[in-house]
Amino acid sequence: MVAEKETLSVNKCPEKMPKRRTKLQAQQPLLAHQPHSLVSEGFTVKAMMKNSVVKGPPTAGAFKERPTKPTAFRKFYERGDFPIALEHDTKGNKIAWKVEIEKLDYHHYLPLFFDGLCEMTFPYEFFARQGIHDMLEHGGSKILPVIPQLIIPIKNALNLRNRQVICVTLKVLQHLVVSADMVGEALVPYYRQILPIMNIFKNMN
């Protein structure tokens with residue numbers, strides 16, 4: 001009788017019934033989905049999506065050194081077309097000219113030596129730079145007519161963006177300006193070819 005009363009009371013009061021755990025309640029709560037960031041390039045469809053991270057633009061490479069190309073100076077030197085030889089002295093190396101410098105054809109030789117400003121290996125770089133200074137010292141009036149032929153080699157040397165080559169080229173330009181009269185004025189029309197690289201490196205000492 002007591003058992004029957006308990007069952008009747010349970011049936012009458014369903015709130016007192018023991019609650020059964022459903023399968024969903026038994027499971028652990030699901031972890032929230034964490035969105036991962038999508039790296040995309042700018043101005044694309046992916047850049048407009050949610051959770052997308054637009055990566056910055058690549059470096060322009062304005063200060064990156066350019067690779068050197070085979071120069072005409074090296075070709076002529078290996079062929080033995082220059083009347084020069086290496087002479088060792090107590091003060092260091094210097095060029096032994098086989099002919100008088102004043103008798104050289106400046107229209108032919110001076111642009112070739114300026115083309116050697118791009119060289120960075122011995123002995124090419126030594127012969128090119130020392131040969132330029134020797135010819136500028138003894139050139140006189142022969143230098144001014146050759147100025148238009150020197151612009152492209154100077155521009156090519158500066159465009160390498162090598163700091164050592166730029167410094168050497170600037171020293172050569174300084175010597176070129178004082179080597180003869182009206183040379184500085186003759187360079188003015190070609191500032192557009194020479195100055196852009198200097199503008200890039202103007203804040204680098």
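Contact here means heavy atoms within 4.5 Å. The model is predicted: local features need pLDDT of at least 70, side-chain atom pairs count only at pLDDT 80 or more, and totals for chains, interfaces and linings use all residues. Residues are numbered from 1 along each chain as its sequence is written, and side-chain values use heavy atoms, with hydrogens and water left out.

**View 1. The whole chain.** Among contacts between residues at least 6 apart in sequence, 67% join residues at least 24 apart. The chain has nine helices and four strands. Both are DSSP runs numbered from the N terminus: helices are H or I with at least four residues, strands are E with at least two. From the N terminus, the order is α-α-β-β-α-β-β-α-α-α-α-α-α. Of the 205 residues, 31% count as buried (under 20% relative accessible area, with exposed over 50% and partly exposed in between; 1.4 Å probe, protein chains only).

**View 2. Helix H6 and its cover.** H6 holds 13 residues, 147-159, and should span 18 Å at 1.5 Å a residue; its end C-alpha atoms are 19 Å apart, which agrees. The expected span is 1.5 Å times one less than the number of residues. Buried residues of H6 are Ile147, Leu150, Ile151, Pro153, Ile154, Ala157 and Leu158. Their cover includes helices H4 (106-115), H7 (163-179), H8 (183-187) and H9 (191-200).

**View 3. Helix H5 against H7.** The axes of H5 (residues 124-139) and H7 come within 10 Å and cross at roughly 10 degrees. H5 is therefore roughly parallel to H7 (angles under 35 degrees; over 145 is roughly antiparallel, 65 to 115 roughly perpendicular, the rest oblique). Axes are lines fitted to C-alpha atoms, for helices over the stretch in contact; angles run from 0 to 180 degrees between N-to-C directions. From H5, Arg129, Ile132, His133, Leu136 and Glu137 meet H7 residues including Val165, Val168, Lys171 and Val172.

**View 4. Backbone in the loops.** A cis peptide bond joins Phe122 and Pro123, with omega about 5 degrees. Pro123 sits in the loop between H4 and H5. Arg161, not a glycine, has a positive phi of about 60 degrees. Arg161 lies in the loop between H6 and H7 and counts as buried at 12% relative accessibility. Met182, also not a glycine, has a positive phi of about 65 degrees. Met182 is in the loop between H7 and H8.
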